[in-house]
Amino acid sequence: MALGSLMSPELLRAQAPKTVGGLPGLPHFAPKAKRVVCLFQSGGLSHVDLFDDKPMLHEHAGKEIPASVKGTQRLTGMTSGQSTYPIVPPLKPGKRCGQHGTWISDLLPGIQTLADDICIIKSLNTEAINHDPAITYMNTGNQQPGYASIGAWVSYGLGSENENLPAFIAMVSQGTGKNPGQPIFSRLWGSGFLPSSHQGVGLRPGANPVLYLQNPPGVEPDQRRHFLDDLAELNEMRAKELGDPEITTRIHAYEMAYRMQTSVPELTDIRGESAQTLEAYGPEVQRPGSYASNCLLARRLLERDVRYVQLYHRGWDQHIAIAKQLPNQCRDIDQPTTALVNDLKRLGMLEDTLVVFATEFGRTVFSQGKLGDPGMGRDHHGRSFTVWLAGGGIRGGVEYGATDDFCYNITENPVHLRDLHATILHCLGIDHSRFTYKFRGLNTRLTGVEESHVVKGILS
Amino acid sequence: MNAILLRSALSSLLLGIACGSTLSINLCHAGERAMDYNRDIRPILSENCFACHGFDEKSRQADLRLDIFESAYTDRKGTIAIVPGQLAKSEVWRRVMSDDADEVMPPPNSHRSLTNGEKDKLKRWIEQGAPYAGHWSFIPPVKHELPSGPSRQPIDAFVDARLEAEGMKRSPEANRETLIRRLYVDLTGLPPSGDEVLAFVADKSDNAYEKVVERLLSSPHFGERLAIEWLDSARYADTNGFSIDGGRHMWLWRDWVIQAFNDNLPYDQFLLEQLAGDLLPNCTDPQKIATGFQRNNMVTHEGGTIPEENLANYNADRVKTLGESILGLTLGCAQCHDHKFDPIKQSEYYQMFAFFNTISDKGLDGNAGVNPGPSIQARTVLKTDEVPHLREQIEAIEKSLLTMDLARLSAWEKREQASLALRGKDLQTYPVSLKKVSTPNRGAGFEIEEATNRVRLDGFGSMGAIDVVAEIPKISQPITGLRVIMHPMAELPGGGWGYGPDDALKAKAKKAKAASESPDEKKVKGSFMLTALAVTADKVPGDQVNLFKLMAIDHVTANSWEASNPPAGCLDPRNDSGWSPDLDHSGPVQLTASFAEPFDAVSAPYLTVQLNFGNGRSLVAKSIELQVITGVDDDTDLPSDILAILKLSEKDRSEDQHASLWKYCAEHSDELLPSRIELANLRERLDVLTKPFTTMVMDVAAKQRETFVLQRGDYSKPTDKVSPGTLAVLPAMPTESSRDRLGLAQWIVMKENPLTARVAVNRFWKMLFGRGLVGTPADFGSQGEWPTHPELLDWLAVDFVDQGWNVKELIRTIVLSDTYRQTSVTTIELVERDPQNLLLARGPRFRLSAEFIRDAALKISGLIVPRIGGPSVNPYTPGDLWREVSHYGSSPATAQTFVQDHGEKLYRRSLYTYWKRTAPPPNMMAFDAPNREVCTVSRGNTTTPLQALVTLNDTQFVEAARAFAARILMSTAKDDQDRLEWAFLEATSRTPTSEERSILSRSLDRERERYRGGINQAKAYLSVGESKISNQVNAAELAAWSQVASLLLNLSETLTKN
């Protein structure tokens, strides 16, 4: 009998432990969240326009930002040479939302309705002021390349709960605010110094949702099954001859590849979704590769217990023509993001799924370019910006941290991005200070060597 | 199946098997032997104590150092950390054993604690007098006397002695088939051919093995093979890395490395030239090329970044790379503070930094495919005898293209005539209703002009990507194409179509002006260049083209073009070609793209069109109309003179017209495309070997930057000024050396440097055994692993230097040892006792690295094109993975959109695959290839499902299976059984067992039956890949054998070095 049939998927499932991979001793304590979806808004989302309106901005509209507020710290090379720094109030009005009355822009009408479910952190901060270092920092805990992404860390630490899909999946969509948006890099979902099996596996639309998934033309699934049986039989003979456990590992890898050929197309086939669900995610859900489509896929991945689902939506870098670009960009993400949170709630999954809505930095309250010019925009601002969290382990309906009257400097409860990382790990039952990988002589951590703290004030 | 095996296999499915893990397993039964500070104690103290009681002054607690005995033995008000020989009086011991949370060491918040084994070692060490010793790797190596025993080969003598101490024995020699394959893979990165295996097996001479070794050491592939690890260390790649990640040109440096290994350049010289070739007296171009080593770091041209910060990062990367790849020191750990574990002060770090802070590089540089400075133009160092043959080949193809081939000409003409006959058939054009226009970098100057239903662009710069959304009217016939019409406008220069003028015309106008012939520059007609066109149709409107659904365009036509910028120029998405109309044309100009597959506008009524303009110049159109068409386009891509000739009957054509027709056919027809590709590739190759190209180098700036210690590594917080200098813990620089990079290089390769040779020897050992004698090849410091065979490492290091840093000799010594020649066949017991093979009681066995897996498939299939060096190539990749993440359309940077190469460039060895750092080749990344962003000294070695998908389904491997099948069928083997045996030998270097043969036979029969019954399936399967399909065998037979070939290419044995 062929070995492949000996190791049919059913048999493998019966033998396999529930969790594949992961470290002994992890999680360190009972987790509130079993899985994470990170909706990364790449390019630098304008906290000023979308979440952090202040009366003073309207009073000072068009006037110079006070020197005492602006301070003397560095600006990017794009605005450091400007002769004036006039205040630009939010583009669009907003309203007080939720029971706690947090302000959210009318550009995000859907997210306005989530106010009671989400925890808005208004005091996130980073030292980085340019895209490459800033987005690398947010995704790997370091501004320089060579480090592991959060998803890779989580895959390494907790392993997978699904033997037919990778533990960490990444998806990229193009924004309509600015296209092309700032470039992004495979290092953002890379494994860095961790074993490469923890790198995020890209999921893309089309015939090969995972690269190389599809059999070549003229090769049928049953034919491939026979092929793999023969291959396994040949390999197994050799394994016995040589006493090499690695060969057995490889046989299993081929079996998982085969299972992925079924599990991935099943995952990406949304024909079974109800009209109501599709409608909730908006018309773009019909366009594979869009943010909306990726949000729906994210829900389907989370349902299948994929540990870490990472979306990147490009196009938030509104240095230029923010008045034209930002509304488009908001429209891309508002309805799908809202639908995803509601969908998780409907399925009872929001309780143990952590939703992270993040970006690499905010944008300046002052204008880049001439005030009133259609080309006017906002530059990068790392001193304070807004992200929000929801779901497993997080207290909804709160605002955490605050900025000054010009949403420029933090006045209350600063949250460094390392603290955010520590908090994400905490929700997954991991103590960031004990979660290490020895590399180049150091017990390297996602949160690095600087001090970092779990943001206790936002935990449920 | 063994339960342990199954469990380990499952857990490593996702986790993978990480080779080069830093776990150190002490296999020695500690017994009562004397504790050795370096081997037994330092690792414990380093891991648990040194962070607070070590070298770093700023984080030192209680002013106590445990890394030096002077401090550890000191009486502090009656308390002494360590009292030699007196456990009870040693505070360290009391604190380690304490139950009190306030007293116990290490403290609870460090999350560290000593194991019982470690406590036991510490106890015995103190009892034995707590002898300290200098860190082993800082003490110069000496050749220890060989241990007594039968073997006088030093490697074997040391390995045997260690095994004997453990009560173990070396494994017997591997069989010849395994040995020759191991040698081939290790020394060339390619498997041997079946004939080479058989010849070796049959060679009964005493020096049969040595002969193979010598042959391989002098193979030109030796240099390619050895280069791989160095390219990883040097973080060599083809793009700049940060942010926009534009292209650069560093392959001259890569080829220098290959040639250096092939020439057996002494390793000290190898380092000297790479670190300071430009400072050598009378330096040569090759020595300057070599200095590209420290220019391989990533650079950025992200607008907004601060040049000083970037420069500080570049130099930090250079110091880090120097440390990890050459010195085996984690120098980077001292960037922000004194090193926590090794005696390296932060100020010393910046002294090392200062050596590199003298280059004239800029903090923002390298855009538009131009190398970041400094760079030079130089000729390749490759030594090859290809040139005469290349010239012959080029001449032959040129001649064949000049020689009229009537059969091909008439086939082409027949097709052209047929399409001309259909020209304009049932053509209907429909204006589409323009909805929206967007562009990334402007706030105004682009809009839909409702009255005319046109896009209007105002005053554009040097390039622009314009996305237009339009709604198609309800049309029941399939939409066959898109027409883009540019209207002339009176307000444009010369009443033309765009902002132009072409630079050349501008220059001409200037000249004319100078000669006061034509004083008005405006008379030059404004034009445009459409560099790329992309279209998507969808059921919902999309502001931008959907990169995942770009419509395949069959061909483009226009009603006017300049000879140098025909319509087809916009089919290449890169911005170096495009369509531009003939300036003499008057009225609107139009370009029509006909789709490969017509589409239904009812289900996909929304069109998005991306128009890319400019080519780096102001060649942008102003007034643009869009139409869709049904039926057949009435324009043509044929020039008017060719059109006129085609209208004549054949007998009415003059000799000249006949010749013009052939010339056009030769230059444009699909029939002759393979010849044109081959010609272009050969010409490029000839250029590579004969002309200068740009490459990045080191230099010394006229005005050098000053170097300061940076507080916490922050570029904006300089403190004390420092000058170049080396590390105090290591021997001083030679007195005659200058305090510059040359001096640094001389210090690194001086005999007294205790690290350089050890680190190098260890790396070469690792290349062959999968693991170094020191398990942490980038870290020979306190936190690194203690060598498994310290005396052997030292013996090899000293011998390496004594032999003149002779790399080939070192490798010869290793591969001739019995230790290397052992069989890797093993037992579960041995695997469990020594899973990492630390003791070397068996031969090495591990999966081939990414490059060699693809290279093996290319060689076994016979597709390989074994040229050495040259610009990197773009073989098959699934789709345009670059554009999905890049700044395409918003940047003049190169490497923003992937365009696959053709012809021989598909079959070059994998180290020549274009390495874009932000989107590296996925079939390499699946097999643990690093992204080359930073120095990598050891790759992982995982086993994952994605790897299986690559070798099963990647076009490269599917095509290789087909080509391998053709080779099998063309071989001298005469029946199925013979063929299976021949093929098995080619793939695995051994003959199959009868059981293996029967499985393969069964497989073959099954596939044969399947494809005989489904010939279209067979043809579809065989159509994968661009190499010519053998027409000497029938499709079903070839397809069936291709399946068997794929089976062989996927065998664990084929993918593994045994």
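I take helices (H or I, at least four residues) and strands (E, at least two) as DSSP runs, numbered from the N terminus. The model is predicted, and local features need pLDDT of at least 70, side-chain atom pairs count only at pLDDT 80 or more, while totals for chains, interfaces and linings use all residues. Residues are numbered from 1 along each chain as its sequence is written, with chains lettered from A and ligands numbered from 1 in the order in which they are written.

**Entry 1: M767(B)**

I located M767(B) in helix α23 (residues 756-769) of chain B. I call a residue buried if 20 or more other C-beta atoms, placed from the backbone, lie within 10 Å of its own, exposed if 12 or fewer, and partly exposed in between. M767(B) counts as partly exposed because it has 19 C-beta neighbours inside 10 Å.

**Entry 2: helix α5 of chain B**

I read α5(B) as residues 116-127, 12 residues in total. From first C-alpha to last the helix reaches 16 Å, close to the 16 Å expected at 1.5 Å a residue (1.5 Å times one less than the number of residues). I found K121(B), L122(B), W125(B) and I126(B) buried in α5(B). These buried residues fall within an arc of 130° seen down the axis, so they line one face of the helix; the arc is that of the directions from the helix axis to the C-beta atoms. The exposed N116(B) and G117(B) sit on the face turned away from the buried side. After α5(B) comes G129(B), with a positive phi near 105°.

**Entry 3: nonpolar cores**

I define a nonpolar core as a set of buried Ala, Val, Leu, Ile, Met, Phe, Trp, Tyr and Cys residues joined through C-beta atoms within 7 Å. The largest has 306 residues, of which V36(A), V356(A), L389(A), A1045(B) and L1049(B) touch the most other members. Helix α35 (residues 1035-1050) of chain B gives the most to this core, 11 residues. Apart from this core I noted another of 54 residues, W497(B) and A532(B) among them.

**Entry 4: where chain A meets chain B**

I counted 92 residues from chain A and 105 residues from chain B in the contact, two residues being in contact if their C-beta atoms, placed from the backbone, lie within 7 Å. On the side of chain A that touches chain B, α10(A) provides the largest share, 12 residues.
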